[in-house]
Amino acid sequence: MSDRTPPRLLDLAAISLLRDEALTISTLEYLPTELFPSLFMGAFYGRRMETLKALVQAWPFVCLPLGGLMQKPHRRTLQAVLDGLDVLLAQEVRPRRCRLRVLDLQNTGQNFWRMWSGAKARAGSSSSMAPVTENSSRTEQPLAPLKVFIELHLKKRTLGKFFTYLIRWVEQRKGSAHLCYRKLEIVSMPKENIKEVLSMVQLDCIQEVELNCTCKLSTLGVFAPLLGDMINVQRLRLSHVHASPFAEQEQQQHVVQFTSQILRLHHLRDLCMESPSFLEGRLDQMLRCLVTPLDNLAITNCLLTESDLTHLSQCPNVSQLKKLNLSGVTLTDFSPELLQVLLEKVATTLQELDLDLCRILDPHLEAILPALSRCSQLRSLSICGNFFSVAVMEKLLGHTTGLLSLREELYPVPLESYSSQGVLLLERLVPLQNELLEILRDLGRPRSIWISLRPCPYCGDDKCVHMEPAL
């Protein structure tokens, strides 16, 4: 006897209907709402294009999360869905069963399909995924513009056939269909092409932007006016934007072009800047343009001046940070009081702190320990790739033992584990680990810490997860 779960009646009904495509299409008006997702999945995986076309026209949910079914873009399936939408959009009033307002082609919506396939409790459904009620299903309403959501990844010089086809379809149906992007990722595309593509998009729908490529400051200046129109952006990530060998005045002009647009982002909560070489000595210009308090701030792998860190510690819009990441920023050249002031400012809200590879030494760590011990909400602390003695690590463990929310602690190997030439001596590491274990036992609170080798002898990375935690 098989241990496999027997098919549900809904699934058996869908399989039966799909054997006769003409019958299925003719009965959609009368089928129970609960049958539609199973029927759609069967038609999708069975490539029943006419059935897909008909299902779209009678779809009894606000949203059709097609992206949740597509592991990769499939033009024939998309074309069948769009053909069904063409019939729908040509009508003056919405058909009796149809509630469709959103076609979601993002890699989301898996929960919807799992829920209706019986893999997840129905309690998790959202209002946009809820079935139509009996009363509302009998009310004819004007057909509002359809929103088509998609994640746009600009990775090549030109868009792929799938995206080109979709953009042209929406472009030809202005007024009845709107192309919306929640996430925009630009990896590699000429700035002229970027402007052309984004001219066809509702920029105020974009909530997340990643400029994830090595580019010149001049490119950032060209992109700035477009960013200013993305007024609902909540997360902005810039990677490897470097200052070109321009005159200082020209560089400053590009920086002003960009930072001035930040003033228009009233919903920005998450700002991540990786290797922003243009930022050195100019961080205050960026911080002055923040309109609302940030939840997350990451400034990594770059040079900052003492003035930059001073402005950061004084900025009112970082006083409610939940995550702070300064990894790869050398902090030894500055007064440790600046970091201490910053930690004191965020002590009641900070949940994650990353100070990896900041070249922090014993005196700097000791200076910030009192402020660190007041970060009562801290859940994750990572200070790998720095240089501390066992004595100072003992003080660190003592100051953090009162942080009851702290669940993830990643620390560097103590200085005593290295030779005078900076070579890691594994035979020294074991007794030092035992010493740290004794310290933890004496502190009397069960906790886990990870001691990270630098570089890891297994993978060569600066941050290693191969070692077991010291309990």
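Student: What is the mean pLDDT of the protein?

Tutor: The model is predicted, and its mean pLDDT is 82, with 85% of residues reaching 70 or more.

Student: Over which residues does pLDDT stay under 50?

Tutor: Where pLDDT is low, the predicted coordinates should not be read in detail. Here pLDDT stays under 50 over residues 120–140, for which the model has 34 contacts beyond four places in sequence. Residues 463–468 also have pLDDT below 50, with 17 contacts in the model beyond near neighbours in sequence.

Student: How many cavities of 30 Å³ or more are there?

Tutor: Rolling a probe the size of a water molecule over the atoms shows where empty space is left. In this model the count is 3 cavities of 30 Å³ or more, and the largest cavity holds about 80 Å³ of space.

Student: Which residues line the largest cavity?

Tutor: The lining consists of L309, L331, F334, S335, P336, L339, I360, H364 and I368. Helices α13 (336–345) and α14 (362–372) are the elements that give two or more residues to this lining. By class, the lining has 7 nonpolar, 2 polar and no charged residues.

Student: Which residues of helix α15 are buried, and where do they lie on the helix?

Tutor: An α-helix has 3.6 residues a turn, so residues three or four places apart point the same way. In α15 (residues 390–400), the buried residues are V390, V392, M393, L396, L397 and T400. Seen down the axis of α15, these fall within an arc of 155°, so they line one face of the helix.

Student: What do the buried residues of α15 pack against?

Tutor: Their partners are α14, β13 (380–382), β14 (408–412), α16 (426–443) and β15 (450–452). Helix α14 also contributes to the lining of the largest cavity.

Methods
Residues numbered from 1 in each chain as written. Predicted model: local features only at pLDDT ≥ 70, side-chain atom pairs only at ≥ 80, totals over all residues. Heavy atoms only, no water. 1 Å grid on protein atoms, 1.4 Å probe; cavity = no way out; pocket = protein on both sides within 12 Å on 5 of 7 lines; lining within 4 Å. Points joined across faces, edges and corners; volume = space filled by probe spheres on them. Helix = DSSP H or I, 4+ residues; strand = E, 2+ residues; numbered from the N terminus. Nonpolar A, V, L, I, M, F, W, Y, C, P; charged D, E, K, R; others polar. Buried < 20%, exposed > 50% of the residue type's maximum accessible area, 1.4 Å probe, protein only. Arc of directions from axis to C-beta. Contact = heavy atoms within 4.5 Å. pLDDT = per-residue confidence, 0-100.
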